[in-house]
Protein chains: 2
Amino acid sequence: MKTAILNIGTELLMGMTLNTNSEYLSKKLNEYGFSVLYHSVVGDNSERITEEIARLLEKNDLIVITGGLGPTQDDISKEVVADYFNLKMILNEEIKEKLIKRFEKYGRKITENNFRQAYFPKGSIILNNEYGTAPGCIVKEKDKIAVLLPGPPRELIPMFENYALKHIVSKKKITSKFIKLFGIGESSVEDKIYDLVINQTDPTIATYVNKSGVTIRVTTQGSSEEENLKKLSHTVSLIKKRLGEYIFTTEGEELIEVVVKKLLEKNLTISFAESCTGGLMAKMITDFSGVSKSFITSLVTYSNDSKIKELNVDKYTLNEYGAVSEEVALEMVDGLYNKYRTDICVSVTGIAGPTGATEEKPVGLVYIGIRFKNNIIIHKKNFRGDRERIRRSTAMFTFNEIRKFL
Amino acid sequence: MKTAILNIGTELLMGMTLNTNSEYLSKKLNEYGFSVLYHSVVGDNSERITEEIARLLEKNDLIVITGGLGPTQDDISKEVVADYFNLKMILNEEIKEKLIKRFEKYGRKITENNFRQAYFPKGSIILNNEYGTAPGCIVKEKDKIAVLLPGPPRELIPMFENYALKHIVSKKKITSKFIKLFGIGESSVEDKIYDLVINQTDPTIATYVNKSGVTIRVTTQGSSEEENLKKLSHTVSLIKKRLGEYIFTTEGEELIEVVVKKLLEKNLTISFAESCTGGLMAKMITDFSGVSKSFITSLVTYSNDSKIKELNVDKYTLNEYGAVSEEVALEMVDGLYNKYRTDICVSVTGIAGPTGATEEKPVGLVYIGIRFKNNIIIHKKNFRGDRERIRRSTAMFTFNEIRKFL
């Protein structure tokens with residue numbers, strides 16, 4: 001089904017708001033088998049809104065419109081869609097009552113304008129808004145579908161998932177596996193599964209990249225989840241045979257999520273001594289609630305003083321080899337272990353830049369010490385990119401190394 | 001100048017990549033006085049790329065295209081623009097040489113395909129790519145301008161700012177002041193400066209919100225920066241009179257940037273003891289290179305064990321009042337001070353959720369201890385939202401309190 005997403009909002013064109021709605025809707029729609037071919041954004045301008053809705057409805061079978069459902073004169077999405085299909089706008093008494101009650105509840109006075117939110121194109125399916133005043137709606141006319149949703153993500157997401165989706169997806173069950181890889185580029189992945197990709201019919205195979213690495217999505221449709229999973233497992237195992245060493249999940253989880261789950265499962269404790277990552281690794285692991293059983297502490301020893309005080313790093317070692325050295329990484333991880341005796345101890349010291357480089361020690365040089373069951377490995381890495389990228393690459397590399405031990 | 005932004009990339013339509021380019025370009029273009037009227041995204045499909053470029057060039061004076069400059073057969077942005085204006089594609093020998101050298105440097109073999117990156121529509125201005133192989137270009141024809149940029153943000157941003165902008169902005173100098181506020185909502189800001197906003201002619205005033213708070217942009221055009229600054233200073237001081245208590249900068253810096261600058265300027269040291277923020281505050285302050293003179297350490301004492309070991313928090317206090325309590329926040333900041341004696345010591349303990357709440361202690365309850373010059377203040381706050389938002393609000397609130405001391 002050819003699909004377009006139209007976001008209405010001047011704040012998007014001003015660059016004041018990041019367009020997360022189009023990303024969210026694209027991901028969901030693709031998961032359910034829609035082919036998203038267009039994203040478009042226009043401001044609160046009636047001429048351009050009218051023009052865009054018409055253009056995108058002509059070229060597509062489905063259009064998802066966000067924004068323009070509010071009470072002001074600028075909010076005209078429903079009216080424009082009604083005009084396009086030659087439908088009257090009809091007052092829905094139930095929604096009108098709800099609006100009145102909602103305003104009473106918050107002690108606010110309702111104005112005539114607000115009732116615009118209770119009018120819908122004739123015959124539309126009305127979509128409940130649990131987190132705001134403006135309901136959405138779906139109009140199905142002449143083999144086309146228009147889905148109208150509010151702009152704020154916290155209203156849009158529950159409305160789309162809880163009310164809109166079931167009216168637009170086909171009866172067939174769609175199932176996907178998300179195979180995620182670390183430490184290999186997209187083109188190398190494509191090389192290794194090229195024949196599978198070009199010969200795909202069912203399941204379909206697609207690869208894509210984002211910040212955290214390459215993902216291979218394998219998707220099929222059928223009458224039941226069970227049947228679909230059977231179909232998928234064959235393809236997944238083919239891919240695993242070729243790329244197994246890089247794969248950290250077939251269930252779409254984040255790398256760190258996998259690490260956290262395994263730590264909790266195996267009842268292992270972990271602690272960090274972070275210099276150049278400056279708390280980033282602790283922040284990333286504590287993004288997950290419930291990790292406190294495994295994650296004991298991170299000592300962000302940014303200064304030499306704190307490396308000595310917290311980790312018992314030798315002053316002589318710091319002077320002789322410098323804070324960014326194999327020797328200091330080793331003493332850091334040793335010091336951490338002596339203090340906390342966690343099952344896994346990790347130390348990180350490096351030059352994240354842009355300042356701090358010397359002739360022998362370039363920006364991006366990082367030493368990572370990992371202690372696991374009396375084994376200590378010190379990794380020396382040269383990461384590329386700016387400060388943010390080097391810090392992130394360091395953290396991701398380290399979490400992947402930890403995952404390998406688990 | 002009517003302006004459109006066209007992003008080419010199937011990964012955007014798949015929802016795999018968040019479209020930060022359109023946000024970034026919109027912000028920049030608006031700053032320089034362009035009226036951005038359209039955002040559009042299409043995939044790597046030659047028919048739709050051709051159609052969109054033609055449509056947007058017809059409706060606008062300026063089109064900024066991202067993506068489609070690479071070496072593959074899918075990358076056709078330059079060819080389509082050349083076709084639209086009836087221009088030949090010309091080989092640039094200098095760029096060809098550069099490509100060969102770059103490949104030699106990294107020990108990779110250059111294929112014929114790669115030379116496609118050295119062809120440009122006749123008469124175009126070539127834009128240097130410091131962070132990738134594909135140069136961009138600007139085509140000016142028939143009162144229209146097309147700017148072609150690479151897709152990856154780390155290539156696009158420096159190319160746009162260092163090379164492209166100067167070829168498209170008007171001769172008049174545009175100057176803006178960015179007044180940033182913390183602790184006040186957008187509608188309250190608008191209420192307080194409503195008369196200024198509706199009576200604006202020159203300078204213009206616009207307010208907008210993002211994750212880190214409300215920004216008021218004041219902009220003017222004139223023959224020199226000096227003259228502009230004079231015009232702006234009057235408006236800025238009017239706004240300061242009304243909203244001064246919330247303003248932390250008129251220079252557009254981030255809140256934490258302001259804190260870091262002041263710490264370095266005043267030669268003050270700072271350390272953190274983080275529980276619920278789990279390293280986030282350390283991560284945020286070390287996002288800035290050069291902060292190591294002020295930022296000494298963060299002890300991410302996520303477990304009770306580490307609170308006792310690192311900060312000498314009393315076991316009895318933990319049992320009696322719980323880890324999330326005024327008493328523990330106080331002992332944490334005391335323990336930190338006794339260990340490091342930094343000028344500013346900060347402790348944070350709270351419930352970031354979604355788990356961990358009790359009847360008396362809801363998700364969002366956070367205690368923040370700040371010690372500055374022998375004064376200790378413990379803040380009790382109830383933040384709203386999900387885990388990420390609570391952690392972020394805690395960090396931002398704390399950095400703002402630190403700023404007030406400076």
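Student: Let's start with helix H4 of chain A: which strands does it lie across?
Tutor: First, keep in mind that this is a predicted model. Helix H4 of chain A, residues 77–84, lies across strands E1 (2–8), E3 (62–66), E7 (136–141) and E8 (144–149) of chain A. The helix runs at about 170° to E8(A).

Student: And what is the strand order in the sheet of 12 strands?
Tutor: The order is E6(A)-E7(A)-E8(A)-E3(A)-E1(A)-E2(A)-E2(B)-E1(B)-E3(B)-E8(B)-E7(B)-E6(B), in an open sheet with mixed pairing. Strand E6 (125–127) of chain A and strand E6 (125–127) of chain B stand at the edges with a single partner strand each, so one side of each has no neighbour in the sheet. From one strand to the next, the twist averages 15°.

Student: How many bridges join E2 of chain A to E2 of chain B?
Tutor: There are 3 bridges between these strands, residues 35–42 in each chain, and the strands run antiparallel. Here A:Ser40 stands opposite B:Ser40.

Student: What does A:Arg48 touch?
Tutor: Leaving aside residues up to four places away in sequence, A:Arg48 touches A:Val42, B:Leu37 and B:Tyr38. A:Arg48 itself lies in helix H3 (residues 46–59) of chain A.

Student: Is that arginine buried or exposed?
Tutor: A:Arg48 is buried, yet it has no salt bridge. The nearest side chain of opposite charge is A:Glu47, 5.9 Å away.

Student: Changing topic, how about the sheet of 10 strands: what is its order?
Tutor: That open sheet reads E17(A)-E16(A)-E15(A)-E13(A)-E14(A)-E14(B)-E13(B)-E15(B)-E16(B)-E17(B), again with mixed pairing. Strand E17 (375–382) of chain A and strand E17 (375–382) of chain B stand at the edges, each with a single partner strand, so one side of each is left without a neighbour in the sheet. The twist averages 10° from one strand to the next.

Student: Which helices of chain A lie across strands there?
Tutor: Helix H11 (residues 304–311) of chain A lies across E13 (270–274) and E14 (295–301) of chain A, together with E14 (295–301) of chain B. H11 runs at about 145° to E14(A). Helix H14 (residues 387–405) of chain A lies across E13, E15, E16 and E17 of chain A, at about 25° to E16(A).

Student: Over in chain B, how do E15 and E16 pair?
Tutor: They pair in the antiparallel sense over 7 bridges. One of the bridge pairs is B:Gly350 with B:Val366.

Student: Where do B:Arg371 and B:Asp334 lie?
Tutor: B:Arg371 is in strand E16 of chain B and B:Asp334 in helix H13 (residues 326–340) of chain B. Their side chains meet in a salt bridge at 3.9 Å, N to O. B:Arg371 counts as buried at 11% relative accessibility, while B:Asp334, at 28%, counts as partly exposed.

Student: Last one: which residues are linked in a salt-bridge network?
Tutor: A:Glu52, A:Arg55, B:Glu52 and B:Arg55 are linked in a network of salt bridges.

Key. Residues numbered from 1 in each chain as written. Chains lettered and ligands numbered in written order. Predicted model: local features only at pLDDT ≥ 70, side-chain atom pairs only at ≥ 80, totals over all residues. Heavy atoms only, no water. Pairing = 2+ DSSP bridges. Helix = DSSP H or I, 4+ residues; strand = E, 2+ residues; numbered from the N terminus. Axes fitted to C-alpha atoms, helices over the stretch in contact; angles between N-to-C directions. Contact = heavy atoms within 4.5 Å. Buried < 20%, exposed > 50% of the residue type's maximum accessible area, 1.4 Å probe, protein only. Lys, Arg positive; Asp, Glu negative; His and termini not counted. Salt bridge = Lys/Arg side-chain N within 4 Å of Asp/Glu carboxyl O.
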